[in-house]
Amino acid sequence: MSSTWNATTRAAVHEDMITGEFSAERAFARPLSEVWRGYSDPALRALWRSVPGSRSRFSVDFRPGGREVAEGIFAPSGVDETIVSTADFLDIVDRDRIVFASSLRLDGVLRWASLVTVAFSGGDSTTSVRHTEQFTFLVYDGDGENDVAHLRGGLNLQWNRFEVALDSLRASTSQTVRL
């Protein structure tokens, strides 16, 4: 068994799967109420959780026992790939935490499954979001190192899209106030 370690990511390669975990934290210069709304409001969530590309569909039932499904066709290398990402919400505590089980299927093949905890702390001007993910890759390429890096890097891309979604909320709110 080989393992790779760094300050926030740990992964172990087993005979036919890779298991591991990582944690990441980002501070947003926004009040907790606004950050929570970005996570809990279905319309805002669709802006940053949907699959980029053509024929994208997104649905979410944001409550304990609810489910999110993001699917679409994406062609980052020029070849169409059908992606279906699901999240089953296990626990939601308003403005405190979200716990969910997630999975990703690529062209119908289950690639990975995860248990994710997202914790929120903050106040009127700054909010910290801590994402902790325990993952199992069932199918991976090569030694799996790039797959693990992709999973973690995907979170940063989602958080970038999250900020854009929150910016759109502020823009629409300021336009409403001007009317």
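**Notes on the predicted model**

1. A polar contact of 3.1 Å links the side chain of Arg-26 to that of Asn-160. Arg-26 belongs to strand S3, which covers residues 18–28.

2. The charge of Arg-26 deserves attention. Arg-26 is buried but forms no salt bridge. With residues up to four places away in sequence left out, the contacts of Arg-26 are Thr-127, Ser-128, Val-129, Asn-156, Trp-159, Asn-160 and Glu-163.

3. Which residues touch the most other members of the largest nonpolar core? They are Val-35, Tyr-39, Ile-98, Val-118, Phe-120 and Val-129, in a core of 35 residues. Two or more residues are contributed by each of S3, helix H1 (32–40), strand S6 (81–93), strand S7 (97–106), strand S8 (109–122), strand S9 (127–137) and helix H3 (145–178). H3 gives the most, with 7 residues.

4. Not counting residues up to four places away in sequence, Phe-120 touches Leu-32, Val-35, Trp-36 and Tyr-39, among others.

5. Is helix H1 mostly covered or mostly open? H1 is mostly covered, with 7 of its 9 residues buried. The buried residues are Leu-32, Glu-34, Val-35, Trp-36, Gly-38, Tyr-39 and Ser-40. Two of the residues named for the core in point 3, Val-35 and Tyr-39, are therefore found in this list.

6. Strands S6 and S7 run antiparallel and are joined by 10 bridges. Within this pairing, Asp-91 stands opposite Val-99 in S7. The two strands form a hairpin with 3 residues between them, and Arg-95 in the turn has a positive phi of about 60 degrees.

7. S7 also pairs with S8 in the antiparallel sense, over 10 bridges. Arg-105 has Leu-110 in S8 as its bridge partner. This hairpin has 2 residues between the strands, and Asp-107 takes a positive phi near 50 degrees. S7 is itself mostly covered, since 7 of its 10 residues are buried.

8. Why does Ser-85 count as buried? Ser-85, which lies in strand S6, has a relative accessible area of 17%, and the limit for a buried residue is under 20%. Beyond residues up to four places away in sequence, Ser-85 touches Arg-49, Glu-68, Val-69, Ala-70, Ser-103 and Leu-104.

9. Ala-101 is located in strand S7. Its relative accessibility is 28%, so Ala-101 counts as partly exposed. Apart from neighbours within four places in sequence, Ala-101 is in contact with Thr-86, Ala-87, Asp-88, Leu-90 and Ser-114. Its C-alpha atom is separated by 9.0 Å from that of Thr-117, 16 residues apart along the chain.

Key
Residues are numbered from 1 along each chain as its sequence is written. This is a predicted model: local features need pLDDT of at least 70, side-chain atom pairs count only at pLDDT 80 or more; totals for chains, interfaces and linings use all residues. Side-chain values use heavy atoms; hydrogens and water are left out. Helices (H or I, at least four residues) and strands (E, at least two) are DSSP runs, numbered from the N terminus. Buried means under 20% relative accessible area, exposed over 50%, partly exposed in between (1.4 Å probe, protein chains only). Lys and Arg count as positive and Asp and Glu as negative; His and the chain ends are not counted. A salt bridge is a side-chain nitrogen of Lys or Arg within 4 Å of a carboxyl oxygen of Asp or Glu. A polar contact is a pair of N or O atoms within 3.5 Å; within protein, one must be able to donate a hydrogen and the other to accept it, and residues adjacent in sequence count only if both atoms are side-chain atoms. Contact means heavy atoms within 4.5 Å. A nonpolar core is a set of buried Ala, Val, Leu, Ile, Met, Phe, Trp, Tyr and Cys residues joined through side-chain atoms within 4.5 Å. Two strands pair if DSSP finds at least two bridges between them.
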